[in-house]
Amino acid sequence: MSPTRTIWLFVFAVAFLIVAGSFTASAQIATAEREAKVTVRKPTPQEVRALSDAMAASTSEEDQDLVVVNHKNGMQSVDLKGRFQSLAVAKKNSDGSVAVKCVDSAEEGTKFLTTNEKAPTKKITKKTEAEVR
Amino acid sequence: MKAIRLLTIALALTLAFSIQGFGAAEIEIVNLNAGTGIGFDDPGDTVDAPGNTGTTIGEQRLEAFKAAAAIWGAALDSSVKIRILASFEPLACTTDSAVLGSAGPTTGVANFPGAEFANTWYPIALANKLAGERLLPPPQDSTIAQATTLGEIRARFNSRLGEVGCLDGEGWYLGLDANEPQNQTDLVAVLLHEFGHGLGFLSFINKKTGTEFKGWPDVYSRLIRDNWTGINWGNTVPSIRRRTGVLGNIVFLGAEVTADVPSVLSKPPHLRVSAPAAVAGSYAVGTASFGPPISAAVEGEVVYPTDSTGSHLACNAFTGDYTDKLVMIDRGTCDFVVKVKFAQDAHAKGVIVADWDPANVPPPGLGGSDPAIVIPAVRITFAAGNTLKAAVGAPLVASMERNAASPVFAGTDTQNHVKLYAPAVVAPGSSVSHYDTTADRNLLMEPFINSDLTHSVQSPEDLTLELLHDIGW
């Protein structure tokens, strides 16, 4: 084997080791990231508006246009028209679990879905978002 | 007109399922999806769902509804049937969030025969029970305006969950065993919670303005007390209700709930330092979502070792052996579960994580999940960490345990009244229709629906039925 060819083989070998090492390190980092987190994005402003609108009607506590019906026996009744509902909403946590919260206003629901709102952990509370680091 | 037609068809074809156990209460699920091919009527393939005998995805959803209704039916006592107008339908979603569903009473009534309090609003299902009759029978010619007289509770849940664009891949768990995987949501647990609101676990008071519904209190809010003033919400003014509703100082006064607190809730956890005398005392802790809960005392000498890289962060393995020690480590750089696992591998009996953020007072919990962790872990504040680090080697001896000397249970005031959820920093509209998140154990009617709920609605696992009894059930 000529000296020139030997040098080229050496250069290729070194280059291969550097590239392979780099790939291995990248793979390790990628694996660690896959194990630690999943990709989660916040809703876009348009999505937030759509979610908020959807929550607003059913959680409304406005009573001004609701009608009190007086019955013969002295009873009053009010058709709530689908208001005063409690609403369960869910979002993905950064650790891949799903957080579930019941809200009774659009503001509370929007806040939960768009911020890192946390609740205290107590026992096995996978559905409760808490800092993991 | 379309809505009227759909309702008429649904009612005509109603597949009504009545659940009644031991003469307790009969609950009828009125299937508003009947004949539509969607929701409960969806002929799609079944999913893995232990205990659920449905032969289509629609039937499996309905079986979950029936299971939740059966639990409430067995717990309640009423001679009047409770009708739940139920549907599965597309609700708002994004790829990472979704409206799961909603439920609530269809009607409020007052001054009916059998009402305990005059000029007080009751949810219609409770009013029917107290009156011993159906107070609002359905009219012969149904219209939309009259539709809600057809049932006492309306429940609407999301059929898109788990599909692309709707909390992708994170669907409903339709099993009946309360054993859902981490990435699914237990439908029965959510239904039990939302049905609880429909049965009366809710306030009709407008939380934005503090004003009463149509000028009268509701039966739930009559039992709320403002601990700032000692005045019941039923006897106070809107400004006080609005203030206390967002300042986290309201409790539920019901006698049955209060009496059952000791059998359901625990004393709060703490870190009790017994030596050296200079730092002895009780330190607040945040508990972990992984590993065993703090129950029996776990006591030992506290050490503050470095890992194999010379760091107190414990993001790498320890080289020493810490058998029977409580290992204190610093928060930061890697996940809590990583740190605790390294300490466990070094034979620690417990882990104390010292916070780096002085603002975290009281200390929050430790999030994460790793079923391989079998030792308890807690978080202490930055200040407490500095105090204890200075005492390491004295020796420093501590115990992770329940604080038996605490005058309160986790989630109550000093009179065992359970706190209601009204967080200190929140937008107007904060809920008072839930138990507070400081309750420990986790309760069904906390705002966060936790994965350790058992599907029980009563003592010794829960306090929801007790509250419903207190308002008249």
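What share of the 473 residues in chain B is buried? Here are some notes on that and on two parts of the fold; please keep in mind that the model is predicted.

1. **Overall make-up.** To take the opening question: buried residues account for 56% of the 473 in chain B. The chain holds 9 helices and 21 strands. If you look at contacts in chain B between residues at least 6 apart in sequence, 66% of them link residues at least 24 apart.

2. **Strand β19 and its partners.** With strand β18 (residues 350-354) of chain B, β19(B) pairs in the parallel sense through 4 bridges, and B:V351 stands opposite B:A377. With strand β15 (residues 286-287) of chain B, β19(B) runs antiparallel, joined by 2 bridges; here B:T287 stands opposite B:V378.

3. **Side chains along β19.** In a regular strand, side chains alternate between the two faces of the sheet. Along β19(B), B:A377 and B:R379 point one way, while B:V378 and B:I380 point the other way.

4. **The α2/α4 crossing.** Now to a helix pair. The axes of α2 (residues 57-75) and α4 (residues 187-199), both of chain B, come within 9 Å and cross at roughly 50 degrees. An angle between 35 and 65 degrees counts as oblique, and α2(B) and α4(B) are therefore oblique to each other. The crossing of α2(B) past α4(B) is right-handed.

5. **What lies between those helices.** Which residues of α2(B) and α4(B) meet? From α2(B) come B:A64, B:F65, B:A67, B:A68, B:I71 and B:W72. They meet B:L187, B:V188, B:L191, B:L192 and B:F195 of α4(B). By class, the residues of this contact are 11 nonpolar, with no polar and no charged ones.

Definitions and conventions. Residues numbered from 1 in each chain as written. Chains lettered and ligands numbered in written order. Predicted model: local features only at pLDDT ≥ 70, side-chain atom pairs only at ≥ 80, totals over all residues. Axes fitted to C-alpha atoms, helices over the stretch in contact; angles between N-to-C directions. Parallel < 35°, antiparallel > 145°, perpendicular 65-115°, else oblique. Left-handed = near helix turned anticlockwise from the far one by under 90°. Contact = placed C-beta atoms within 7 Å. Nonpolar A, V, L, I, M, F, W, Y, C, P; charged D, E, K, R; others polar. Buried ≥ 20, exposed ≤ 12 C-beta atoms within 10 Å, placed from the backbone. Pairing = 2+ DSSP bridges.
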